[in-house]
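Colleague: Hi! Could you walk me through the strands and helices of this one?
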Amino acid sequence: MVWLRNVALAAATFGASWGGAIWFWRETNRMPASGELVLYLLVLPVALLSALWLGRKVWARATLPAAPAAAGAANAATEIPVAPPLPAALTIAATAVRAPHGESVAELRAALSEHRARPQLDSELYDDDGYPILSARLTEAGDAALREELEQWRHRQQLDDPRFDQAQWRALAAASAVVADLTAEATLHEDVEPWLEQQQARQQNRLPPDAPAARTPPTLQLLALWPQAWQPAQRDLAWQWLRHLATQAGWPQTLIAPAAPLQQQQQDDDAGALLAQLLQRAGNPQQPSLALVIAADSHLSDAAVNRLLNQQTLYTAAHPQGHIPGEGAAGLLLADANVAQQIGATGSVLQAVHIGRRSASADTVKRDTDTCLSSAIADVLKAAQLEGAAIELVTADTGHRTSRVTELMHVVTAAAPQLDPGADVISVGASSGSCGAVSWLTALAIADAEAQQRGGPALSISNEDPYRRCAALIRPAQAAPTA
């Protein structure tokens, strides 16, 4: 493992520095001053480790294969290599999260960088022995206020009671906040306000007969990823509620697509398949792309904890490879290049998404030799026409379980050995607990922010599911070539 190698290197460096200093002082029969103790026992080994790490990064970049133009310089006069066009991409126009350690991407990144994002002992939930469980709980779920508001709306719409449990109410409250944030960004589209004004004038018979028709904004796809345990009636009512919130935030209800036609083709919480399908459809210039993709989940209820206990999959002292219950919501507002320009979005670009499926569950395999995640990473790098040495950062939904951490570090070391696991690999699941598709959408939102800040491409990986494996490539907008 990479971290064992790094620990061994650090121990060897400090041991050599300390041993050499002690031998020198003994041979010269002298007592070192305080400044010498600090210099030789602390400053020198740290400087050596820094030099080794910097040298490794420089060497990794220096060993990149030569560009095609340089390799074929002898034939440049007669033949100029032309790179194949990049596949259609989607701009990440906006992101929003509600996580246990941050109500925004900026807050969550700060908590992760300061190592404050850790699960805590829960004050309300207990295991079979009466001890509080470890959980990742939202500071303020807002589910009490949501219940009253949603119930009033439901009675006005004459809809059946979905019978949400405590965890579902908490998940829906987090989803509501994320949808409100992202719809507010979508309504910045330059055509929304003129179109709404003209529609209102037409309804009030104030529109002149010869008035030119306002340009119609694109249709918004509202794509919600719910946990598999949710019943169809619960998913349907939750989606209708989110559509209602999007309308309240200013997006025309008639310009919201019917409920999730794309999601009928894959499992409810399969974010990778959904994003891959959106990218495939993004290449059609006759159909503008604007999609709000959201995932929400919560395991913070007595019923949810009891399910994990009955399945013997809850994290306890006796079962350290179990799940730590988490909750939250995360969403991405995705648009093609033209729509993103009309919104005024300057975020990163989702360049490629590739998915794979393991032949055996990662929860049961003894010695992991499956290569589907490595293949997915290789596929996204190939699609984006990048080498692994160009990657600036890796984000992942990886949690605390040994099998997932080992798999992540193995593929990162193979694909991008120049990265520092401590500074360049961010594992969201270790801080947010088990939270389904929410963890990977959160990782994608962090990758978007980091790619913009670092000015280079980021790789985002999903490997928490026992079988599904996903990899996505995100580029800052200014560094993304046009197709």
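Modeller: Happy to. This is a predicted model.

Colleague: Which residue in β6 is the bridge partner of V97?

Modeller: A330 is the bridge partner of V97.

Colleague: Nice. What sheet do those strands belong to, and in what order do the strands run?

Modeller: An open sheet of nine strands, with mixed pairing. The order is β4-β5-β6-β1-β7-β11-β10-β8-β9.

Colleague: And which are the edge strands?

Modeller: β4 (221-225) and β9 (425-427), each of which pairs on one side only. On average, neighbouring strands of this sheet are turned by 25° against each other, direction ignored.

Colleague: Let's switch to the hairpin. How do β2 and β3 pair?

Modeller: β2 (residues 120-126) and β3 (residues 132-135) pair in the antiparallel sense, over three bridges. L121 in that pairing has L134 of β3 as its bridge partner.

Colleague: How many residues are between the strands, and which residue there takes a positive phi?

Modeller: There are five residues between the strands of the β2 and β3 hairpin, and G130 takes a positive phi near 85°.

Colleague: On to helices. At what angle do α4 and α15 pack?

Modeller: About 85°, with the axes of α4 (residues 105-113) and α15 (residues 437-454) 10 Å apart. The two helices are therefore roughly perpendicular to each other, since angles from 65 to 115 degrees count that way.

Colleague: Which residues meet there?

Modeller: From α4, V105, L108, R109 and L112; from α15, T442, A445, I446, A449, E450 and Q453. By class, the contact of α4 with α15 has six nonpolar, two polar and two charged residues.

Colleague: What about α12 and α13, how far apart are their axes?

Modeller: The axes of α12 (residues 372-383) and α13 (residues 402-415) are 10 Å apart, and the helices pack at an angle of about 40°. That makes α12 oblique to α13.

Colleague: Is their crossing left-handed or right-handed?

Modeller: The crossing of α12 and α13 is right-handed.

Colleague: Last one: what meets what between α12 and α13?

Modeller: L373, S374 and I377 in α12 meet E407, V411 and A415 in α13. The residues of this contact divide into four nonpolar, one polar and one charged.

Colleague: Great, thanks!

Note on methods:
Residues numbered from 1 in each chain as written. Predicted model: local features only at pLDDT ≥ 70, side-chain atom pairs only at ≥ 80, totals over all residues. Heavy atoms only, no water. Axes fitted to C-alpha atoms, helices over the stretch in contact; angles between N-to-C directions. Helix = DSSP H or I, 4+ residues; strand = E, 2+ residues; numbered from the N terminus. Parallel < 35°, antiparallel > 145°, perpendicular 65-115°, else oblique. Left-handed = near helix turned anticlockwise from the far one by under 90°. Contact = heavy atoms within 4.5 Å. Nonpolar A, V, L, I, M, F, W, Y, C, P; charged D, E, K, R; others polar. Pairing = 2+ DSSP bridges.
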